[in-house]
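Dear colleague,

Please find below the structure that I am handing over to you. My findings follow directly after it.

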Amino acid sequence: MMATPLFFSTFEVTRQAFHRTALTYAIVNLKPIVPGHVLVCSTRPVPRLTDLRADELGELMHTVQRVGRVVERVYKADGLTIACQDGRASGQTVPHFHIHVLPRRLQGDRFAGTRNDAVYTELEKQEGALPQDLASASHTGSRSPEPLKMDADATREPRTLEDMEQEAKRLASFFDADE
């Protein structure tokens, strides 16, 4: 039996999903700013945190906790940055509430040390281009695969659907082992 398609706002993201519950799902990021940067979303596409029902909010935070535990282990991180942009004024550009989960390292993380808070500037930059990047990603299936680019430089292209599906399958295998 085929799983019900998942939508991030109006964008179909089923192939990027590596974990789902009745009320939430987790997907790999189209343009991660650190290796392992993923998104946790409510299954019901609502624009704002305050639009979530109490059961959805509880499940969302439980999923953030479980997904965070897995990506922290898989990416050998020392901690996590967990962030959201709630509403246009905060930089949210896709009207579907979501939470960013980024594995972080004390050393070897491009934002480590005195640049630790620069991760938030990069999140804001990434969110601004997200609608265009998601729309173009649906047309990249014929593009030849390139090595994954994990840094947040301005020339970074969105990953192919095949690249994202491969990472989602890899993460799902670790996640299943965590169950």
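A charge is counted as sitting over a ring if NZ of Lys or CZ of Arg is within 6 Å of the ring centre and within 35 degrees of the ring normal. The model is a predicted one, and in it the charged end of Arg170 meets this condition with the ring of Tyr75, lying 5.6 Å from its centre. Pairs between aromatic rings, by contrast, come to a count of 0.

Overall architecture

The protein contains 3 helices and 7 strands. Their sequence order is β-β-β-β-β-α-β-β-α-α. Of the 179 residues, 46% are buried. Among contacts with a separation of 6 or more, 62% join residues 24 or more positions apart. The accessible surface amounts to about 9200 Å², and carbon and sulfur atoms contribute 56% of that area.

The sheet

An open sheet is formed by 5 strands, arranged in the order β3-β4-β5-β7-β6 with antiparallel pairing. From one strand to the next, the twist averages 20 degrees.

Two of the pairings may be described in detail. Strand β4, residues 24-28, pairs with strand β5, residues 38-42, in the antiparallel sense over 5 bridges. Within this pairing, Val28 is placed opposite Val38 of β5. The antiparallel pairing of β6 with β7 also runs over 5 bridges, and here Ala83 stands opposite His100 of β7.

The helix across the sheet

Which strands does helix α1 lie across? Helix α1, spanning residues 54-74, lies across β3, β4, β5, β6 and β7 (98-104). Relative to β5, the helix runs at about 160 degrees.

Gly79, Thr81 and Ala83 make up the covered face, whereas Leu80 and Ile82 lie on the uncovered one. In a regular strand, side chains alternate between the two faces of the sheet.

With kind regards

Note on methods. Residues are numbered from 1 along each chain as its sequence is written. This is a predicted model: local features need pLDDT of at least 70, side-chain atom pairs count only at pLDDT 80 or more; totals for chains, interfaces and linings use all residues. Side-chain values use heavy atoms; hydrogens and water are left out. Helices (H or I, at least four residues) and strands (E, at least two) are DSSP runs, numbered from the N terminus. Buried means under 20% relative accessible area, exposed over 50%, partly exposed in between (1.4 Å probe, protein chains only). Contact means heavy atoms within 4.5 Å. Accessible areas come from the Shrake-Rupley method with a 1.4 Å probe; for residues, only the protein chains shown count as cover. Rings of Phe, Tyr and Trp (its six-membered ring) pair if their centres lie within 6.5 Å; planes under 30 degrees apart count as stacked, over 60 as edge-to-face and the rest as tilted. Two strands pair if DSSP finds at least two bridges between them. Axes are lines fitted to C-alpha atoms, for helices over the stretch in contact, and angles run from 0 to 180 degrees between N-to-C directions.
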